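Please examine the model shown below, together with its sequence. The paragraphs that follow lead from aromatic rings to a metal site and then to a sheet.

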Amino acid sequence: MRRTWAALLLLASLESAGQAPAPKETFIALEGPALALTHVEMYDGRGGDPIRDATIVIRDGRIHALGPARVVVIPADAKVVDLTGHSVSPGFVMLHEHMFYPLVQGSYGAMFETFPKLYLAGGATTVRTGGSMSPYADINVAHEIAEGKRPGPDMDVTAPFLDGPSPFLQDFRIRTPEQAREMVRYWASAGATSYKGYMSLNRAQLGAIVDEAHRGKRKVTAHLCGVTYREAADLGIDNLEHGFLAATDFVADKKPDECPNPLAARASYDALAVDAPEMKALQKHLIERKVTLTSTLTVFETFASGRPIAPPEALELLIPQLRESYLARWSQIQAMKDNVWTRILPKEMAWEKQFVEAGGLLVAGTDPTGYGGVVPGFSNVRQVELLEEAGFTRAQALRIATLNGAIYLGRDKDVGSLAEGKRADIVLYKGSLASEPLALRQIVWTMKAGTAYDSKKLLASLKGKVGFQ
Ligand SMILES: [Zn+2]
């Protein structure tokens with residue numbers, strides 16, 4: 001048989017694929033079947049004070065026992081790991097994530113190789129995508145992670161963006177409510193487990209999406225502008241993205257079903273007082289309709305002036321072109337004399353705090369879009385820091401980024417906090433989270449279902465790769 005070069009090359013690549021070691025093993029820092037983590041400072045994700053000297057016993061991937069060192073009995077067969085000088089929190093449950101990254105204006109590149117590992121390195125053990133540019137790949141990656149074929153967080157995969165006349169060439173453009181229903185049904189059958197509505201939807205389309213999704217017992221979130229938050233709440237939506245900074249409820253001459261100019265929307269937040277009664281009334285309405293709000297302060301921060309640059313370790317992950325374009329844009333933003341984002345970012349923080357104080361469910365996401373610089377892994381932690389800047393305590397901010405997300409996903413019996421019987425999804429930090437603000441950035445490993453993945457090793461394997469794989 002005569003083999004062509006192409007066939008030989010194909011054969012060679014198949015052979016090397018067959019010989020490749022299971023990727024999971026390369027990054028493992030610690031594994032069961034029985035472990036006892038001792039002398040660790042523990043935040044359990046429920047928002048209360050930490051236990052300064054805790055023991056956590058893990059058996060077969062689940063938390064078998066936990067509590068103050070003096071009360072927890074260590075089983076004889078457990079491997080004891082002394083974690084003096086370290087802290088733990090539950091694995092992050094992040095709800096506005098993507099498997100894509102902005103390349104050039106309006107074009108997004110698929111990052112299936114790098115992003116699941118980055119999320120895991122940065123402490124996320126569960127993520128929901130907030131819209132997809134390559135939904136089949138997202139679904140396949142989620143399945144491969146669930147089957148243990150690659151390391152990464154559990155993924156609740158949204159269908160592709162459900163949008164009307166979208167400006168993005170990668171998106172389908174829904175024309176009728178019936179077509180919206182067809183999309184919802186099709187993507188459920190293809191494996192999507194939730195939905196993300198997008199800006200140009202009108203009320204009839206969004207209503208059809210919510211109704212059809214709920215028939216299939218699935219949830220809908222959205223980033224809207226043609227439909228106001230109040231209208232979306234009345235249509236029965238489950239979740240709204242980007243805090244209050246996608247609300248068009250405060251634009252004076254807003255026409256039904258039409259997106260106002262984005263500048264007008266931003267001007268409306270700029271004009272709104274932090275304690276405006278209209279905002280309080282909207283918060284109350286969302287809470288009454290049980291609408292969850294996703295905080296994405298990380299992406300908004302990149303648009304405001306006077307904010308820190310992305311950490312050098314995050315920038316090292318990017319291909320040079322993306323690093324340069326990020327740095328150029330970030331510098332331009334710092335030089336701006338009159339930047340509306342600089343004024344509305346602290347307002348948004350205050351509004352999110354008010355929403356929680358009024359009884360609303362706030363969850364956390366990072367949204368690695370904008371012009372870049374929101375790099376998964378690093379951005380999980382940054383989101384928690386920004387919630388702290390908004391006035392939440394460390395314990396409260398950690399709860400928003402862990403248990404609250406699990407509650408929204410309906411998975412809080414299994415994940416989201418450290419409790420007996422729950423899956424051992426744990427982040428280990430060097431230092432004391434209670435007394436060292438920056439300890440949050442010192443992630444040593446992320447444990448998912450009892451297997452701990454070395455954060456530094458994961459990051460080292462991805463240097464210079466974000467942007468092309
Ligand atoms: Zn997004």
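Which residues do ring pairs link into a cluster? The cluster consists of Phe100, Tyr108, Phe161, Phe168 and Tyr198. This is a predicted model, in which local features need pLDDT of at least 70 and side-chain atom pairs count only at pLDDT 80 or more, while totals for chains, interfaces and linings use all residues. Residues are numbered from 1 along each chain as its sequence is written, and side-chain values use heavy atoms, with hydrogens and water left out.

Rings of Phe, Tyr and Trp (its six-membered ring) pair if their centres lie within 6.5 Å; planes under 30 degrees apart count as stacked, over 60 as edge-to-face and the rest as tilted. By this rule there are 15 aromatic pairs. One of them joins Tyr101 and Phe115 edge-to-face, at 6.1 Å centre to centre and with 90° between the planes. Tyr101 belongs to strand 8 and Phe115 to helix 3 (residues 114–121), so this pair ties together parts that are 14 residues apart in sequence. Helices (H or I, at least four residues) and strands (E, at least two) are DSSP runs, numbered from the N terminus. Both Tyr101 and Phe115 are buried, where buried means under 20% relative accessible area, exposed over 50% and partly exposed in between (1.4 Å probe, protein chains only).

Met99 is placed in the loop between strand 7 (92–97) and strand 8 (100–102). Met99 is buried, with a relative accessible area of 1%. Leaving aside residues up to four places away in sequence, its contacts (heavy atoms within 4.5 Å) include Phe112, Phe115, Tyr119 and Asp138. The C-alpha atoms of Met99 and Asp138 are 7.0 Å apart, although 39 residues separate the two along the chain.

The protein donors of the zinc ion are His96 (NE2), His98 (NE2) and Asp367 (OD), at 1.9 to 2.5 Å from it. Donors are N, O and S atoms within 2.8 Å of the metal (3.2 Å for Na, K and Ca); water is not among the atoms, so sites may look incomplete. Along the chain, the donors follow the spacing H-x1-H-x268-D. His96 is buried at 1% relative accessible area, and Asp367 is buried at 5%.

Five strands form an open, parallel sheet in the order 12-13-14-15-16; two strands pair if DSSP finds at least two bridges between them. The edge strands, strand 12 (194–197) and strand 16, each pair on one side only. Strand 15 (residues 292–295) is joined to strand 16 by three bridges, and Leu293 stands opposite Leu362 in strand 16.
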